[in-house]
Amino acid sequence: MEIETELYKQNPWWEGKFDEKSIRRDIYLNEIFKNIKSREIIILTGLRRIGKTTILKQAINQLLTNKIKPENVFFISLDSFNLLEHSIHQLIEEYRKLYKKSASDFFYLFLDEVASRENFEQELKSLYDNENIKIICSSSIATLMRDKKAHLTGRTRTIEIMPLTFQEFLQFKGAKISKADKAKLESYFKDYLKIGGIPYYVLTEDRAYLNELIESVIYKDIIAYHKISGERAIKELFILLCKRVGKPTSYNKLAEILKISVDSVKRYVSYFEKAYLFYIVDRYSKSSNEKITSPKKVYIGDIGIKNLITEFKDLGASYENLVFLKIKNKNPEYYLEKSIEIDFITKDSVVEAKYNQEINEKQLKVFNSIKAKNKIIAKGYEFFLN
């Protein structure tokens with residue numbers, strides 16, 4: 001009876017009580033519905049509180065609007081305390097009993113925080129191979145998605161949910177601006193540069209919320225998940241990385257400052273990456289040896305988090321970080337020639353981030369010498385409106 005109550009609580013549309021009023025993130029909804037008829041398991045992943053659960057609920061709302069019967073949509077929050085003792089298969093059986101569904105009946109299954117379950121990969125594989133179900137799930141930790149994907153090879157489509165784009169930020173702020181209204185756009189862009197793109201934080205600007213989010217990622221997704229005893233080193237490394245956003249950084253130097261081994265630094269940085277807190281960018285080089293040994297550049301998953309730690313200064317680094325997040329899916333690297341650095345090089349583009357300043361002569365010479373289809377100097381908000 002307790003399970004039934006919990007399932008009804010989590011699926012209010014079964015009783016016609018669903019009222020989804022959050023701001024739609026069409027970039028991701030379009031991606032989900034482009035793949036809704038395929039058999040692949042859709043996995044939404046990304047930083048904690050980036051809006052994955054909300055997007056799952058928006059997708060449910062879209063299905064109901066498209067006249068899918070409410071009883072054919074089943075949502076489970078897998079980290080819900082009341083359901084921890086039950087496997088995904090057992091919960092599906094409970095759902096089938098409720099609606100007298102046979103094993104061949106099709107339905108949409110939404111699994112929130114799927115990686116909170118130890119054997120979720122085997123369960124998903126079994127459901128994919130043996131059931132007539134469309135599965136859409138979310139996870140804040142990339143570890144399992146990457147390390148144990150062998151179970152799910154060829155069966156998944158991963159969509160990484162990113163912080164709000166500048167256009168989404170304007171939407172969340174309720175800003176109605178024409179592209180010609182430059183002063184207003186510039187003012188909102190400065191806010192974006194400071195606040196970043198965590199949806200709830202953009203709406204409330206509640207610093208306590210962002211602090212709690214940082215604690216949550218560090219303790220749940222890193223210290224507890226990876227069973228780390230050196231709590232101090234993790235926290236200090238987090239602060240150091242925030243301060244080094246956009247700057248070439250060597251693991252050796254970080255190890256020296258923290259008085260821990262280089263291997264520990266590399267391992268901890270990889271944990272931060274798997275929790276979507278930081279991204280590491282290599283130096284561009286045709287020599288793989290040089291690429292491995294060169295300093296890395298560090299960017300943060302959300303600029304608002306950096307600003308909370310370092311205060312709102314070094315706008316150039318914050319701006320460069322936003323440029324990185326916008327082009328991240330192109331796998332950018334940084335370019336270094338005779339001590340002169342260009343921010344990003346991708347397969348077809350070279351991009352230099354210069355917030356409200358000009359590129360100097362030496363840099364321009366190197367910038368122009370790089371063979372690339374697109375050459376972009378990003379200077380202000382215009383880069384983010386394309």
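User: What is the bridge partner of L111 in β4?

Analyst: The partner of L111 is C137. This is a predicted model, where local features need pLDDT of at least 70, side-chain atom pairs count only at pLDDT 80 or more, and totals for chains, interfaces and linings use all residues. Residues are numbered from 1 along each chain as its sequence is written, and side-chain values use heavy atoms, with hydrogens and water left out.

User: Why is C137 called buried?

Analyst: Buried means under 20% relative accessible area, exposed over 50%, and partly exposed in between, with a 1.4 Å probe and protein chains only. C137 has a relative accessible area of 0%, so C137 is buried. C242 comes to 1%, so C242 counts as buried too.

User: How many disulfides are there?

Analyst: A disulfide is a pair of cysteine sulfur atoms within 2.5 Å. By that rule the count is zero.

User: What makes β3 and β4 a pair?

Analyst: Strands (E, at least two residues) and helices (H or I, at least four) are DSSP runs, numbered from the N terminus. Two strands pair if DSSP finds at least two bridges between them. Five bridges join β3 (residues 107-112) to β4 (residues 133-139), and the two run parallel. β2 (residues 73-77) is also joined to β3 by five bridges, again in parallel. There, F75 has F110 as its bridge partner, and S77 stands opposite D112.

User: Why is β2 called largely enclosed?

Analyst: Five of the five residues of β2 are buried, so the rest of the structure largely encloses this strand. V73, F75 and S77 point one way, F74 and I76 the other. In a regular strand the side chains alternate between the two faces of the sheet. For β3, six of the six residues are buried, so β3 is largely enclosed as well. Here F107, L109 and L111 point one way, while Y108, F110 and D112 point the other way.

User: What makes a crossover right-handed?

Analyst: Point the strands away from the viewer. If the path from the first strand over the helix to the second runs clockwise, the crossover is right-handed. β3, α5 and β4 make a right-handed β-α-β unit.

User: Why are α4 and α5 called oblique?

Analyst: Axes are lines fitted to C-alpha atoms, for helices over the stretch in contact, and angles run from 0 to 180 degrees between N-to-C directions. Under 35 degrees is roughly parallel, over 145 roughly antiparallel, 65 to 115 roughly perpendicular, and the rest oblique. The axes of α4 and α5 (residues 120-130) come within 10 Å and cross at roughly 45°. The two helices are therefore oblique to each other. Contact means heavy atoms within 4.5 Å. I88, H89 and I92 of α4 make the contact with E123, S126 and L127 of α5.

User: What is the strand order in the open sheet of three strands?

Analyst: The order is β6-β8-β7, with antiparallel pairing. β6 (248-249) and β7 (278-281) are the edge strands, as each pairs on one side only. Two bridges join β6 to β8 (residues 296-300). P248 has K297 as its bridge partner in β8. Helix α16 (residues 315-327) lies across β7 and β8, at about 90° to β8.
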